[in-house]
Amino acid sequence: MQPSLINWTLNTVNPQLDSFTPPKDMREAISRVQTLPPLPGIALRIMQLAADPLADAAKLAAIIELDPLLTAQVIRWASSPLYGYKGKITSVQESISRVLGFDFVFNLALGLAALAPLKAPKDGPIGTRLFWIQALASTRLMQLLNDKIPVDNRLATAQIFLSGLLHNIGFPLLGDQFPEEFSYLNKLIQANPTLTVFNLEKFAFGVDHTMLGAWLMSAWCMPKPIIDVVYHHHNPYYRGENHQLNQLTYLNDHLLGKLGIGDAQLQPCPDDIFRQLNLSDEATNESLDKLNDILENIFTTAEMITA
């Protein structure tokens, strides 16, 4: 498309633009980025703990407690209404043993630590508040859906949690590395509520949050299933490695979109997704009903994280 036509089209879909002119293809700008935010040392230690055959709650708590902010987040998480624990939690080890469990805290701490260095604005349709609402809702809905899948085909809980938490990490990376483009995309989305976020960003920038997120996940040497889902989660026809996890993530985003949550509110879902995952309409509706019961607590927790 010729530059003049691109300018005319962008001005048409968003007549409220300010003086900022976005790049028509961000790939050149991305190629000039010399260094990405490094994976925080705490996250690296947590990943290394996964290879320790003697890993236990005490070792995980000791790593988390090296970071006061992460410690406070884990304790607040365990104390939140989302998990309904009535007692008082005062330590990470109590969070693990009394409320959340080892695997959950392991993946929670890894996800929180990984997201910590990305400083994106809070407000807007792709701001961190709505990012966290979608991330938290995804970790719960994906597990609810997975529980409805026949036992022999169910996915690993750890993969589900990290996929739900991190699959849209490209948005906070965009806000961290390209704040003007992030602001522009927020305005573009708000001005065009009938167009999909994924198509808008591809049209405006030539790249999208899946590419940015996969770039970061690869640089951080995150597990391959997470990299695959971050890159492919808007493609329901992907049939490569980890495609079942990707299908579950795609279905999750589609269902959340029906509730008005996330960046896939206009994203259709092929019937083949339900067949391949062995999920009925009844099973998905039951999962959505259970999620609805805790949505208010998810909103509260997201606000707490981004406060």
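Reader: What makes 12 residues in the lining of the largest pocket nonpolar, 3 polar and 3 charged?

Author: The residue type decides. Ala, Val, Leu, Ile, Met, Phe, Trp, Tyr, Cys and Pro count as nonpolar, Asp, Glu, Lys and Arg as charged, and the others, Gly among them, as polar. By that rule the lining divides into 12 nonpolar, 3 polar and 3 charged. This is a predicted model: local features need pLDDT of at least 70, side-chain atom pairs count only at pLDDT 80 or more, and totals for chains, interfaces and linings use all residues. Residues are numbered from 1 along each chain, and side-chain values use heavy atoms, without hydrogens and water.

Reader: Why is T128 called buried?

Author: Buried means under 20% relative accessible area, exposed over 50%, partly exposed in between (1.4 Å probe, protein chains only). T128 has 14% relative accessibility, so T128 counts as buried. T128 lies in helix α8; a helix is a DSSP run of H or I, at least four residues, numbered from the N terminus.

Reader: Which residues is T128 in contact with, leaving aside neighbours within four places in sequence?

Author: They are A120, P121, K122 and T306. Contact means heavy atoms within 4.5 Å.

Reader: What makes P193 exposed?

Author: Its relative accessibility is 62%, so P193 counts as exposed. P193 sits in the loop between α11 (179–191) and α12 (197–205).

Reader: How far apart are P193 and L266 in space, C-alpha to C-alpha?

Author: The two are 9.1 Å apart in space, and 73 residues apart in sequence.

Conventions:
Helix = DSSP H or I, 4+ residues; strand = E, 2+ residues; numbered from the N terminus.
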